[in-house]
Amino acid sequence: MLKLGFIAPISLNVVATIDALTRPEFNPVRHWISHQNLGARGWLGTWNLLLSGTLIIVFAVVLRLTIHSGRGVVWGSIFMGTFGLGLLIAALFPIDPGLNWPPGIPASRSVSGQIHDIGGTMVFGSLIAVCLALSSIFKESPDWKRWRIYSILSAVIVFASFVLCSVFVALDFSNVMPSAPSGLFERISMAAGCLWIVLLTLRLLDNK
């Protein structure tokens, strides 16, 4: 079951990337992963988030059972679980139309979109938090010293990319910078956090 730690993050990003690159009129540089829940092929984006979120929650439980010591284990497992929960919320409550997606549908605001935003904040906030929480475990073991540095660096990349994403989308919506690359930085943020999970899992499997 520990292998879910690289199966879920890889499948999440691979499916999202292939889907984004093969959708007519979809611009992965501008549009978010969440926008793939909308449109003619929205079912694929929704199921990608649902399946990934479920697997991540299961992995969070397995992670708690695998790492038995360290002050950050409990919190690290919790944040891994809230990462998965955030994905489920983002899937069940679709993002509102916007940034010219889906084509021809005007931007709108709904309760579903507001709840979706909460789920999105949980996703990226949890990715940052889990990297920092588990870095305390690595501090206590000489074998994991470099991983502590990598964990902190990953948290910084996830945070900085998400901030840039938020800034660019605000500039896009205000028409100050139309077609700003908010989607690109959201994907960088997601990829950086998921890569950390994948490499952590591989390291744990290697130590078994």
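**Labels and the values behind them**

Author: Gladly, and let us begin with a loop: Leu 99 lies in the loop between H3 and H4. Please keep in mind that this is a predicted model.

Reader: Is Asn 175 buried or exposed, and how do you know?

Author: The word exposed is kept for values over 50%. Asn 175 has 59% relative accessibility, so it counts as exposed.

Reader: Let us turn to charges. How many salt bridges does a search of the whole structure find?

Author: The search finds five salt bridges. Side chains of opposite charge can pair when their charged atoms come close.

Reader: What makes Asp 19 and Arg 23 a salt bridge?

Author: The cut-off is a side-chain nitrogen of Lys or Arg within 4 Å of a carboxyl oxygen of Asp or Glu. For Asp 19 and Arg 23, the closest N and O atoms are 3.1 Å apart, so the pair meets that cut-off. Salt bridges also link Asp 19, Arg 23 and Arg 41 in a network.

Reader: Are Asp 19 and Arg 23 buried or exposed?

Author: Asp 19 is buried, with a relative accessible area of 3%. Arg 23 counts as buried too, at 6% relative accessibility.

Reader: What does the salt bridge between Asp 172 and Arg 30 tie together?

Author: The side chains of Asp 172 and Arg 30 meet at 2.8 Å, N to O. Asp 172 lies in helix H5 and Arg 30 in the loop between helix H1 (4-21) and H2, so the pair ties together parts that are 142 residues apart in sequence. Asp 172 counts as buried at 3% relative accessibility, and Arg 30 is buried with a relative accessible area of 11%.

Reader: How do the labels fall for the salt bridge of Asp 117 with Arg 109?

Author: The closest N and O atoms of Asp 117 and Arg 109 are 2.6 Å apart. Asp 117, at 31% relative accessibility, counts as partly exposed. Arg 109, at 55%, counts as exposed.

Reader: Which residues form the nonpolar patch on the surface?

Author: Val 29, Leu 153, Ile 157, Leu 184 and Ile 188 form the patch, with about 370 Å² of accessible area together. Helix H5 (145-173) and helix H6 (182-207) are the elements that give two or more residues to the nonpolar patch.

Reader: How many cavities of 30 Å³ or more are found?

Author: A search of the whole structure finds one. About 30 Å³ of space lies in the largest cavity.

Reader: Which residues line the largest cavity?

Author: Its lining is made of Ala 16, Ile 33, Gln 36, Asn 37, Gly 45, Asn 48 and Leu 49. Helix H2 (residues 42-66) gives the most to the lining, with three residues. By kind, the lining residues of the largest cavity divide into three nonpolar, four polar and no charged.

Reader: Finally, why is Leu 127 called buried?

Author: Leu 127, found in helix H4, has 1% relative accessibility, so it counts as buried. The C-alpha atoms of Leu 127 and Met 190 are separated by 8.2 Å, with the two residues 63 residues apart along the chain.

Key. Residues numbered from 1 in each chain as written. Predicted model: local features only at pLDDT ≥ 70, side-chain atom pairs only at ≥ 80, totals over all residues. Heavy atoms only, no water. Patch = residues over 30% accessible without salt bridge, like charges linked within 9 Å, V, L, I, M, F, W, Y side chains within 5 Å. Areas by Shrake-Rupley, 256 points an atom, 1.4 Å probe, with all protein chains shown as cover. Helix = DSSP H or I, 4+ residues; strand = E, 2+ residues; numbered from the N terminus. 1 Å grid on protein atoms, 1.4 Å probe; cavity = no way out; pocket = protein on both sides within 12 Å on 5 of 7 lines; lining within 4 Å. Points joined across faces, edges and corners; volume = space filled by probe spheres on them. Nonpolar A, V, L, I, M, F, W, Y, C, P; charged D, E, K, R; others polar. Buried < 20%, exposed > 50% of the residue type's maximum accessible area, 1.4 Å probe, protein only.
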